[in-house]
Amino acid sequence: MTSALIDRLRSDLSTANFSVSALTGLWGIDADAALHRNQRVPALRALAGLRARLGHTEPCATLACLFVLGLPVDRADLDAALPALGAAGAEELGLVAAGASVEPDAGNAVRPLLELRPYSFVDAHGAGSWWIASDLGELALGHPLGESHVLGVGGASLTLSGLLMPTSVSSALDLGTGCGIQAMHASRHADRVVATDISARALDFAALNAELNEIGNIEFRRGSLFEPVAGERFDHIISNPPFVITPRVPGIPSYEYRDGGLVGDALVEAVVRGAVGHLTHGGVAQLLGNWEYRTDQDAFDRLAGWLDTPAASALPLDAWIVEREVQSPALYAETWIRDGGTRPGTADFDRLYDAWLDDFGARGVSQVGFGYMLLRRPAADTRAWRRLERQPGGLGHNPGGLGSHLAACLAAHDGQASTDDAHLARARLVVASDVTEERHYWPGQEDPTLMTLHQGSGFGRSISLDTGLAALVGASDGELDVGSIVAALAQLLDVDEHALAAELFPRVRELLDDGFLQHPLG
Ligand SMILES: C[S@@+](CC[C@H](N)C(=O)[O-])C[C@H]1O[C@@H](n2cnc3c(N)ncnc32)[C@H](O)[C@@H]1O
């Protein structure tokens with residue numbers, strides 16, 4: 001019965017063209033931007049103007065008002081907007097309830113019980129669009145979120161989905177699936193996906209979203225952390241875990257969607273430590289996380305500690321961790337207290353602020369880092385690879401997300417790491433197509449004072465070059481091998497060839513790792 005109703009809902013949403021671009025068309029980009037700031041007045045004014053001009057409400061506008069802006073609509077309008085499902089079917093599915101006042105006919109109003117938003121994306125497999133149901137937000141509720149709130153697609157969700165490596169795999173796990181967004185993305189490159197959550201309500205939303213969008217290869221399981229997948233291994237583990245650091249004292253709301261109930265960053269540590277036992281050989285885990293800097297220990301040393309003491313008999317994981325941002329305890333506290341809907345300037349805000357600072361103070365936390373973690377179970381006999389780096393600020397231009405870049409960098413790293421210098425000398429490398437070189441000169445001088453390589457996509461890295469490396473990169477067009485270029489440069493610069501090779505080869509390896517140079521044969 002429910003499936004039949006969901007089929008009707010899908011058909012109605014499609015007929016109404018309930019899409020991201022249609023909504024922007026209805027209310028314009030300024031109203032879109034205002035909605036991102038949690039302000040619906042510009043969108044409401046645009047919808048009212050449209051209704052006045054047309055003399056009726058478009059189906060897409062009715063759906064937007066109800067499910068995106070979170071306001072009641074007239075039952076007759078909803079019947080018109082959902083001709084196959086009808087308002088009665090929407091009630092049966094639990095999307096709306098009768099009631100709430102909408103003028104002039106308050107008795108015939110229906111109000112939303114959840115958010116249902118169109119969502120569009122581009123990934124390595126192309127463009128796509130879905131509808132995503134989640135709990136009503138603060139705007140519709142008119143009060144702070146409940147502790148069991150199920151979040152829709154937020155900023156962190158988009159960050160992680162953009163990072164997902166699109167490599168085809170047979171199995172994927174989405175730990176803490178929430179509304180199911182990462183599992184749905186994973187369903188595009190994994191034959192089967194297991195999506196877990198501690199929240200039954202989240203799993204209901206995720207299952208609805210999968211069915212509504214005709215995604216049939218996700219299995220949903222309830223439980224904490226890795227409990228629901230005990231004894232199982234996956235090629236790709238994905239998690240936007242509830243990483244928000246929260247004081248553990250009475251009177252502090254504990255939001256299931258963002259807070260795993262542990263002290264400090266212990267929840268992220270548990271996911272990292274647990275991953276090793278659930279990855280297949282060569283399997284990759286991609287996570288978001290927060291980590292604490294403590295007065296006595298740099299966060300990267302703590303992260304290295306989590307990685308270096310895996311479960312008995314397991315090899316340590318390869319790890320590439322990119323810290324994108326650090327916040328002071330005060331800024332962190334303000335951010336997450338506001339996120340929970342408590343307004344600054346209130347007694348409650350100050351009480352929570354104190355609790356957060358006490359909690360950080362108890363562990364000597366000086367800063368909190370945020371970033372991306374990519375962990376890989378190495379092939380049996382290789383030494384673990386570690387890359388922990390700080391990359392604050394903007395990224396390059398990555399229309400399909402960073403995932404393809406990460407996959408290419410991993411493959412390039414594996415290629416160069418398994419190649420000795422004698423083999424590397426025979427490689428004919430090329431400069432990646434997104435790389436540009438910038439040179440600065442003192443006026444009147446022939447030689448540049450500064451040379452920098454810029455990467456247009458990926459992490460948008462910039463690195464400075466000395467004369468030798470600049471010449472090597474400039475000559476890397478696939479014609480000459482690295483060894484011949486180094487030999488020619490040694491002659492030109494009148495330096496010892498072996499010494500130059502010893503200086504340049506490690507740099508070449510770094511440029512391969514970062515995607516500035518490529519081996520045309522992979
Ligand atoms: C930040 S949300 C991520 C939701 C979704 N994956 C996304 O990317 O938008 C974290 C999710 O983890 C779930 N969760 C909280 N504690 C958990 C636990 N101990 N084990 C598994 N999931 C948990 C929450 O219910 C929530 O759905």
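Rings of Phe, Tyr and Trp (its six-membered ring) pair if their centres lie within 6.5 Å; planes under 30 degrees apart count as stacked, over 60 as edge-to-face, and the rest as tilted. For a first stop, select Tyr-119, Phe-121 and Trp-130, which ring pairs join into a cluster. The aromatic pairs number 10 by this rule.

Before moving on, note that this is a predicted model, where local features need pLDDT of at least 70 and side-chain atom pairs count only at pLDDT 80 or more, while totals for chains, interfaces and linings use all residues. Residues are numbered from 1 along each chain as its sequence is written, and side-chain values use heavy atoms, with hydrogens and water left out.

Next, pick Trp-320 and Phe-459: a tilted aromatic pair, 6.0 Å centre to centre with 55° between the planes. Trp-320 is in strand β11 (residues 318-327) and Phe-459 in the loop between β16 (450-455) and β17 (462-465), so you're looking at residues 139 apart in the chain (strands are DSSP E runs of at least two residues, helices H or I runs of at least four, numbered from the N terminus). Trp-320 has 3% relative accessibility and Phe-459 has 1%, so both count as buried (under 20% relative accessible area; exposed is over 50%, partly exposed in between; 1.4 Å probe, protein chains only).

Now hop to helix α13 (residues 329-339), where Tyr-332 and Trp-336 are four residues apart, about one helical turn. Their ring centres are 6.3 Å apart with planes at 55°, so this pair is tilted. Tyr-332 is buried at 2%, and Trp-336 is buried at 18%.

Last, show Arg-390 and Phe-300: the charged end of Arg-390 sits over the Phe-300 ring, 3.9 Å from its centre (NZ of Lys or CZ of Arg within 6 Å of the ring centre and within 35 degrees of the ring normal).
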